[in-house]
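Work through the exercises below with the sequence and the 3D view open. Try each task before reading its solution.

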Number of protein chains: 2
Amino acid sequence: MELSQRRKKILRAVVEEYIDSAEPVGSKTVLSRTGLDCSSATIRNELVALDKEGYLEQPHTSAGRVPTAKGYRLYVNELMRERELTRDETEAINRGLDLHGRGHEKIMDTVGHMATELTSYPALTISAAAAVTVKRVELIYLDPNSFIIVLLLTGDTVKNKLVHLPFSFSQVTITRLSAVFNSSFTGISEEKITPELIASTERAVGDTMGLTSVIAGFLIETLATAKGGANVSGEANLLKLPEFRDPEKAHKLINYLSNSENLASLSASPDFGDVKVLIGPENAALELKDSSVVLASYNAGDNMRGIIGVVGPTRMDYSAVAAKLAYIAEGLSKLLGGGAATSGYGKLMIKGDDSDG
Amino acid sequence: MELSQRRKKILRAVVEEYIDSAEPVGSKTVLSRTGLDCSSATIRNELVALDKEGYLEQPHTSAGRVPTAKGYRLYVNELMRERELTRDETEAINRGLDLHGRGHEKIMDTVGHMATELTSYPALTISAAAAVTVKRVELIYLDPNSFIIVLLLTGDTVKNKLVHLPFSFSQVTITRLSAVFNSSFTGISEEKITPELIASTERAVGDTMGLTSVIAGFLIETLATAKGGANVSGEANLLKLPEFRDPEKAHKLINYLSNSENLASLSASPDFGDVKVLIGPENAALELKDSSVVLASYNAGDNMRGIIGVVGPTRMDYSAVAAKLAYIAEGLSKLLGGGAATSGYGKLMIKGDDSDG
DNA sequence: CTTTAGCACTCCGACTTTCTGAGTGCTAAG
DNA sequence: CTTAGCACTCAGAAAGTCGGAGTGCTAAAG
């Protein structure tokens with residue numbers, strides 16, 4: 001059943017007040033916050049109704065109301081007013097995104113810190129490429145025992161490795177290898193680098209010292225790790241929040257976040273609009289049941305998708321966080337050559353698991 | 001005045017018991033822990049003496065004793081028994097140090113995590129090079145608008161950058177630039193890259209497009225950042241400790257640690273043996289007055305020195321931590337081609353500011 | 001049927017009081 | 001110098017007290 005306008009107004013007031021104060025909200029507070037033309041008794045009746053419908057709950061009888069996950073959900077989906085970023089905020093973000101020419105990792109790192117700074121919540125960055133392939137291989141001969149492998153991957157990521165070997169080889173060998181790798185290893189993905197391919201390359205180039213497999217090994221390793229990664233910053237910000245007064249709680253969450261596999265699973269979501277909000281129990285992970293996650297995805301070009309998000313208590317200023325992340329993601333899409341973002345902030349669509357209820 | 005054997009024994013017992021329990025230690029506990037052949041009253045008399053000498057203190061009358069910084073200092077300098085690492089521990093470290101062929105940064109990152117793992121305290125890694133210079137510059141032409149700069153620095157660090165420019169240039173130009181840079185920019189440090197040098201190079205190569213300054217800019221930037229860096233991991237481990245039951249305290253310390261300039265200042269110590277222990281107020285930084293820092297330095301070759309350390313409460317198992325860090329540092333020295341470590345664990349010398357008293 | 005004033009009731013959290021016991025310092029005798 | 005004995009201290013736990021914010025209900029009014 002659709003809620004009446006008044007109930008929505010009341011729900012919104014409760015949510016927003018609770019976001020501000022972190023304390024259960026009473027009928028009088030709601031009255032003054034909404035400015036509704038009725039008495040607190042009427043509000044109380046409405047609160048009972050919202051309670052029954054599962055949007056609010058009481059920590060205990062005779063306490064004020066606190067939103068449930070369902071309440072937050074409705075708030076986020078329908079009640080939340082879009083928060084316009086201030087000029088200062090957009091400028092700060094634009095400045096922070098002036099990162100032309102940095103590597104992707106460095107960018108994500110910087111942007112993660114920026115998101116933490118802006119929201120004062122821990123920020124996470126995740127990137128995942130559908131398929132990474134080698135665009136170019138270059139070998140730089142240093143001395144008879146060492147050379148550098150330089151790898152250009154899709155997504156314009158450059159990786160390198162200095163190789164020292166206990167036996168010597170000539171510059172010519174390295175040059176030849178370089179040419180061979182460029183002709184037979186470009187455009188292929190990790191799985192395509194089979195032992196057979198390596199063996200045939202070895203034969204083709206007449207390599208008896210195993211140089212080929214050293215290089216191929218680096219390719220495989222690099223392609224594997226370049227597929228995606230995840231990072232968190234600003235975990236300590238949790239400690240400022242009243243919901244983490246108990247260090248044990250904070251510790252558990254931080255631990256969970258420090259495992260990048262856990263983070264990667266956050267991004268494993270088939271449908272993904274522009275901004276996604278996962279509220280409390282909507283999170284699959286047990287460790288996040290009391291927290292909310294806001295994620296914004298961006299296009300990093302070359303079939304790469306990235307996600308930037310924050311983690312915080314369910315009592316979170318969703319509209320501000322979503323707006324900031326959306327704006328950052330949009331900027332990242334532009335920066336990383338993914339062209340325009342999937343959608344601008346103007347069309348901000350917030351998706352999430354709406355099944356609970 | 002030198003302490004009597006018995007007092008030393010008692011002091012040691014108090015320190016070690018307190019390290020274990022985090023609770024003030026009473027005379028009876030000392031008795032049972034030392035196994036001394038006297039009564040608790042005698043111990044009490046001794047405790048009063050140690051108290052007067054400033055090695056111990058009481059949180060309040062009628063509580064047990066807690067070591068002071070001075071007490072810890074004496075313990076660390078004289079009383080502490082060297083902790084032999086177990087076979088498991090040395091093996092774990094050796095395994096963790098099997099990082100041949102990774103870059104220096106990656107190694108430090110991994111080793112930092114290992115140190116956290118082993119000690120369950122936040123670990124920090126700092127590296128500082130006396131002078132970093134360029135050993136080799138290589139430019140890889142990609143297309144008329146882009147090329148890759150590959151930089152080999154002292155310390156065998158390789159850095160790269162993909163450059164996209166809005167105007168086009170030829171492969172020949174890039175090749176020529178590469179040669180010029182290799183002849184005039186190798187072996188020089190950051191400060192030597194003056195505007196004059198750039199200008200003269202520009203003239204020499206006939207570069208009218210500013211390619212030279214793009215590359216020189218990257219050199220400067222890279223040399224500057226390669227000079228040193230600092231990193232922390234495992235900050236969340238603080239939350240498990242009773243001394244950080246108050247999230248506010250943990251937050252302050254973590255914040256302090258997250259600023260790499262703060263960390264760098266930790267390494268700014270003229271004399272530095274193998275392992276250095278800084279206890280509570282011996283730390284210059286206010287934020288560390290209630291904590292202890294244990295640092296081990298290693299030789300990273302090519303005039304680079306690195307430090308690996310942990311931060312924890314003054315109540316810290318110094319002997320275990322020092323032994324582990326010393327062993328790690330030794331391994332790092334070997335790994336990073338600095339040859340043998342400054343000194344092996346066998347000769348473990350612990351230094352620190354012993355002025356307080 | 002909705003709103004509202006009034007009121008009894010609940011119950012958290014803050015504050016106070018009491019109690020306990022670990023641990024002390026002191027004294028006086030061995 | 002050591003030690004038994006003892007009075008004393010004091011933090012922290014446990015129990016008790018209290019105020020007030022906020023509730024739900026009732027009954028009257030709109």
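**Exercise 1.** How many residues of chain B are in contact with chain A, and how many residues of chain A are in contact with chain B?

*Solution.* The model is a predicted one. Step 1: on either side of the contact between chain A and chain B there are 26 residues, 26 of chain B and 26 of chain A. Step 2: look at the side of chain B that touches chain A. The elements giving two or more residues to this side are β4 (134-143), β5 (146-153), β6 (157-164) and α10 (247-258) of chain B. Step 3: the largest share comes from α10(B), with 6 residues.

**Exercise 2.** Into which domains is chain A divided by the domain assignment? Then describe the contact between domain 2 and domain 3 of chain A.

*Solution.* Step 1: the assignment gives domain 1 (5-67), domain 2 (87-130 + 228-351) and domain 3 (134-226). Domain 2 is written as two segments, 87-130 and 228-351. Step 2: the C-alpha centres of domain 2 and domain 3 of chain A are 35 Å apart. Step 3: in the contact, 8 residues of domain 2 of chain A meet 4 residues of domain 3 of chain A. Step 4: on the domain 2 side, the residues divide into 3 nonpolar, 4 polar and 1 charged.

**Exercise 3.** Which residues come nearest to DNA strand D?

*Solution.* Step 1: there are 20 residues around DNA strand D, and Gly26(A), Ser27(A), Cys38(B), Thr42(B) and Ser62(B) come nearest. Step 2: the elements that give two or more residues to this surface are α2 (27-34) and α3 (40-53) of chain A, together with α3 (40-53) of chain B. Step 3: α3(A) supplies the largest share, 4 residues.

**Exercise 4.** At roughly what angle do the axes of α2(A) and α3(A) cross? Classify the arrangement of α2(A) and α3(A).

*Solution.* Step 1: the axes of α2(A) and α3(A) come within 9 Å and cross at roughly 105°. Step 2: angles of 65 to 115 degrees count as roughly perpendicular. Step 3: α2(A) and α3(A) are therefore roughly perpendicular to each other. Step 4: α2(A) makes the contact through Ser27(A), Lys28(A), Val30(A) and Leu31(A), and α3(A) through Ser40(A), Ile43(A), Arg44(A) and Leu47(A). Step 5: these contact residues divide into 4 nonpolar, 2 polar and 2 charged.

How values were computed:
Residues are numbered from 1 along each chain as its sequence is written. Chains are lettered from A and ligands numbered from 1 in the order in which they are written. This is a predicted model: local features need pLDDT of at least 70, side-chain atom pairs count only at pLDDT 80 or more; totals for chains, interfaces and linings use all residues. Domain bounds come from an automatic or database domain assignment. Two residues are in contact if their C-beta atoms, placed from the backbone, lie within 7 Å. Ala, Val, Leu, Ile, Met, Phe, Trp, Tyr, Cys and Pro count as nonpolar, Asp, Glu, Lys and Arg as charged, and the others, Gly among them, as polar. A residue is near a molecule or strand if its C-beta atom, placed from the backbone, lies within 6 Å of it. Axes are lines fitted to C-alpha atoms, for helices over the stretch in contact, and angles run from 0 to 180 degrees between N-to-C directions. Angles under 35 degrees count as roughly parallel, over 145 as roughly antiparallel, 65 to 115 as roughly perpendicular and the rest as oblique.
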